[in-house]
Amino acid sequence: MSKGLALVFAEDNYECLELHYPRLRLTEAGFTVHVVAPEKNKVYKSKEGYWATSTILPSEVNPAEVKAVIVPGGFCTDRLRRYPECCELLRACYNDGKGSVVGFICHGGWLAISAKILPGRRITCFHSIKDDLVNAGATFVNERCVVDGRMVTAQTPEDLPAFMAAILKLLAAS
């Protein structure tokens, strides 16, 4: 029996480990995991050329049913943020910190900026987008993994074990 719905965003040029490691960990933990993207049943390629096939559109998701949302890094988030439906889905799932557990890593914060979910939040990210997140109202903390309520952020693929441990701990507590 599934523990609930989890989403992992995808678009071309995602960071391979930052999409697949959370997807597999959430699947192992008993969640039904969908790869959400602007086009359904499309093969998206990572920076390294590895593939991920989208299984659901943002418009097909009921945010109230989502337990966790993962936004990988790489340059996919610069693409994802251009789709209002992706921004709306992330914002609706997070629901001012009362909804889904939301995790983003590396450049994943770009989608969070466009979803307007960062004001007042303590976050971390890849150093090159720190100013972007601060300008969006977040407080940057130079730590490998930061938990602020139901938001979990991390800097690089090396931080994935701590990132997923924090997400799974929050999910177990809810």
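This report describes selected helix, strand, salt-bridge and loop features of a predicted model.

## Basis of the model

The structure is predicted; local features need pLDDT of at least 70, side-chain atom pairs count only at pLDDT 80 or more, and totals for chains, interfaces and linings use all residues. Residues are numbered from 1 along each chain as its sequence is written, and side-chain values use heavy atoms, with hydrogens and water left out.

## Packing of helix 1 and helix 6

Helices (H or I, at least four residues) and strands (E, at least two) are DSSP runs numbered from the N terminus. Two packed helices are described by the angle between their axes and the distance between the axes. Helix 1 (residues 16–28) packs against helix 6 (residues 160–173) at an angle of about 35°, and their axes lie 11 Å apart. Axes are lines fitted to C-alpha atoms, for helices over the stretch in contact, and angles run from 0 to 180 degrees between N-to-C directions.

The crossing of helix 1 and helix 6 is right-handed, a term used if the near helix is turned clockwise from the far one by less than a right angle. Helix 1 contributes Leu17, Glu18, Tyr21, Pro22, Arg25 and Leu26 to the contact, and helix 6 contributes Leu160, Pro161, Phe163, Met164, Leu168 and Leu171. Contact means heavy atoms within 4.5 Å. The residues of this contact comprise 10 nonpolar, no polar and two charged; Ala, Val, Leu, Ile, Met, Phe, Trp, Tyr, Cys and Pro count as nonpolar, Asp, Glu, Lys and Arg as charged, and the others, Gly among them, as polar.

Strand 9 (residues 145–148) pairs with strand 10 (residues 151–154) in the antiparallel sense over four bridges; two strands pair if DSSP finds at least two bridges between them. Val152 of strand 10 is the bridge partner of Val147. Two residues stand between the strands of this hairpin, and Gly149 takes a positive phi near 65°.

## Salt bridges

Side chains of opposite charge can pair when their charged atoms come close. A salt bridge is here a side-chain nitrogen of Lys or Arg within 4 Å of a carboxyl oxygen of Asp or Glu, and the count comes to eight. Asp148 forms one with Arg121, the closest N and O atoms being 3.3 Å apart. This pair links distant parts of the chain, with Asp148 in strand 9 and Arg121 in the loop between helix 4 (109–115) and strand 7, 27 residues apart. Asp148 is buried, at 14% relative accessibility; buried means under 20% relative accessible area, exposed over 50%, and partly exposed in between (1.4 Å probe, protein chains only).

Glu60 and Lys40 form another salt bridge, with closest N and O atoms 3.1 Å apart. Both are partly exposed, Glu60 at 39% and Lys40 at 38%. Lys42 and Glu39 are joined at 3.7 Å, N to O.

## Two buried loop residues

Gly74 lies in the loop between strand 5 and helix 2 (76–80) and is buried, with a relative accessible area of 4%. Not counting residues up to four places away in sequence, Gly74 touches Asn13, Tyr14, Glu15, Glu18, Lys47 and His107.

Ile129 occupies the loop between strand 7 (122–123) and helix 5 (130–135), and its relative accessible area is 0%. Under the same exclusion of sequence neighbours, Ile129 touches Cys106, His107, Gly109 and Trp110.
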